[in-house]
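Thank you all for making time this morning. I would like to walk you through one model slowly, so please look at the sequence and the structure as they come up.

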Amino acid sequence: MRAPISEYKAVEEAAMKFVKSVAEGNSRYARELFTDEAVLFGYLDGELEHGSIEQFYHNVDTVGAGADFKARVDIVSIEETVAVVRVLEEKWGGRIDFTDYLLLMKMHGEWKCVAKAYNQNSNTIKK
């Protein structure tokens, strides 16, 4: 059974905390979204990042998004207590394009992110 539109809106609002943090270079909003146990996986400039979501917070807080930064949120799926969100990012830090996948769980009535996996577009990798 398809989730009601209100659930899609709630998931989108949750994911926008991620986008707002990246856009403003301030992890404060993302810290409201991610659980303390959330994990991160992806390659940044060819180097594997994995482990605690704290690495993401560090990246956000130390690299400004840049004036040309753009983002789009797509809700891939919602199944009662699980949601998958794709976030497209362009020009993070003035040069990097990402595709992020966020895995959210509905916990105590609130959508929280438990995992982030991402791909850096190969044409934006600094060698």
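What you see is a predicted model, in which local features need pLDDT of at least 70 and side-chain atom pairs count only at pLDDT 80 or more, while totals for chains, interfaces and linings use all residues. Residues are numbered from 1 along each chain as its sequence is written, and side-chain values use heavy atoms, with hydrogens and water left out.

Let me start with charges. Side chains of opposite charge can pair when their charged atoms come close. By salt bridge I mean a side-chain nitrogen of Lys or Arg within 4 Å of a carboxyl oxygen of Asp or Glu, and the structure holds seven of these. One of them joins the side chains of K17 and E32, at 3.9 Å from N to O. This pair links distant parts of the chain, since K17 sits in helix α1 (residues 5-24) and E32 in helix α2 (residues 28-33), 15 residues apart. Helices here are DSSP runs of H or I with at least four residues, strands are runs of E with at least two, and both are numbered from the N terminus.

For accessibility, buried means under 20% relative accessible area, exposed means over 50%, and partly exposed is in between, using a 1.4 Å probe and protein chains only. K17 counts as partly exposed because its relative accessibility is 26%, and E32 is partly exposed as well, at 39%.

Which residues are linked in a network of salt bridges? They are R72, D74 and R86. D74 meets R72 at 2.7 Å, N to O, and D74 also meets R86 at 2.7 Å, N to O. Because R86 lies in strand β4 (residues 82-92) and D74 in strand β3 (residues 70-79), the pair ties together parts that are twelve residues apart in sequence. With a relative accessible area of 12%, D74 is buried, whereas R86, at 28%, is partly exposed.

Contact means heavy atoms within 4.5 Å, and, leaving aside neighbours within four places in sequence, E7 is in contact with I78, K106 and W111.

Turning to helix α3 (residues 54-62), we find F56, Y57, N59 and V60 buried. The buried residues of α3 pack against α1, α2, β1 (34-44), β2 (47-52), β4 and β6 (110-120).
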